[in-house]
Amino acid sequence: MQWNLRLRAAERGIWKSAQLRRMLAEAGVEISAGKMSSWWAGTPPTMRLEELDVLCALLECTPDDLLTPEPDKVAARIRQAKAANGDGDQPDPNGGSSVVAPRFGKSRSTPPL
């Protein structure tokens, strides 16, 4: 997801993170300076829905205005993960499936008495 907080804040005339942090505090949402910095400087790793709701109310926007999906990046990440796990689209050279089957063999010993 692309995070557009600074753009939406600028559209409302908010140019500093401290100003937005004060507005959030006035609305009843106290956040740390570090958390505000992560929101302002980049994409936050997590966000509570209550915080997002208040943020949208203050900026007079919707979550869709703050978050823009990036399907190309997701598709690339999925391809990369499949390649790293060996789950590519290539068939198994031995003609088998890529499903791992349990091995049945020697049973476990019983615990000592």
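Biologist: How many helices and strands does the secondary structure of the protein come to?
Modeller: Happy to walk you through this one, bearing in mind that the model is predicted. From the N terminus on, the elements run β-α-α-α-α-α-β-α. The secondary structure therefore comes to 6 helices and 2 strands.

Biologist: In which helix is confidence highest, and in which is it lowest?
Modeller: Over the protein, the mean pLDDT is 85, and 83% of the residues reach 70 or more. Among the helices, α2 has the highest confidence, at 96. The lowest is a mean of 87, in helix α6 (residues 71-85).

Biologist: What share of the residues in the protein is buried?
Modeller: Buried here means under 20% relative accessible area. Of the 113 residues in the protein, the buried ones make up 20%.

Biologist: What share of the contacts with a separation of 6 or more comes from residues 24 or more positions apart?
Modeller: For this, take the contacts in the protein whose partners have a separation of 6 or more. Residues 24 or more positions apart account for 59%.

Biologist: How are α2 and α4 oriented to each other?
Modeller: Helix α2 covers residues 17-26 and helix α4 covers residues 49-59, and their axes are 10 Å apart. The two pack at an angle of about 110°, and the crossing is right-handed. Angles of 65 to 115 degrees count as roughly perpendicular. So α2 and α4 are roughly perpendicular.

Biologist: Which residues make the contact of α2 with α4, and how do they divide by class?
Modeller: On the α2 side they are Leu-20, Met-23 and Leu-24, and on the α4 side Val-54, Leu-55, Leu-58 and Leu-59. By class, that gives 7 nonpolar, no polar and no charged.

Biologist: Which residues make the contact of α2 with α3, and what is the split by class?
Modeller: From α2 come Ser-17, Leu-20, Arg-21 and Leu-24, and from α3 come Ala-33, Met-36, Trp-39 and Trp-40.

Biologist: Is Leu-55 buried or exposed?
Modeller: Leu-55 has its place in helix α4. Leaving aside residues up to four places away in sequence, Leu-55 touches Trp-3, Leu-5, Leu-20, Leu-24, Trp-39, Met-47 and Leu-66. The relative accessible area of Leu-55 is 0%, so Leu-55 is buried.

Biologist: How far apart in space are Leu-55 and Ala-27?
Modeller: In sequence, these two are 28 residues apart. From C-alpha to C-alpha, the distance is 9.3 Å.

Biologist: Is Lys-16 buried or exposed?
Modeller: Lys-16 lies in the loop between α1 (5-11) and α2. Trp-40 is 24 residues away in sequence and 8.7 Å away in space, C-alpha to C-alpha. The cut-off for exposed is over 50%. With a relative accessible area of 60%, Lys-16 is therefore exposed.

Biologist: What is phi of Glu-60 near?
Modeller: Glu-60 is found in the loop between α4 and α5 (63-66). Glu-60 counts as exposed, at 60% relative accessibility. Its phi is positive, in a residue other than glycine, and is near 50°.

Definitions and conventions. Residues are numbered from 1 along each chain as its sequence is written. This is a predicted model: local features need pLDDT of at least 70, side-chain atom pairs count only at pLDDT 80 or more; totals for chains, interfaces and linings use all residues. Side-chain values use heavy atoms; hydrogens and water are left out. Axes are lines fitted to C-alpha atoms, for helices over the stretch in contact, and angles run from 0 to 180 degrees between N-to-C directions. Helices (H or I, at least four residues) and strands (E, at least two) are DSSP runs, numbered from the N terminus. Angles under 35 degrees count as roughly parallel, over 145 as roughly antiparallel, 65 to 115 as roughly perpendicular and the rest as oblique. A crossing is left-handed if the near helix is turned anticlockwise from the far one by less than a right angle, and right-handed if clockwise. Contact means heavy atoms within 4.5 Å. Ala, Val, Leu, Ile, Met, Phe, Trp, Tyr, Cys and Pro count as nonpolar, Asp, Glu, Lys and Arg as charged, and the others, Gly among them, as polar. pLDDT is the predictor's confidence in each residue, from 0 to 100. Buried means under 20% relative accessible area, exposed over 50%, partly exposed in between (1.4 Å probe, protein chains only).
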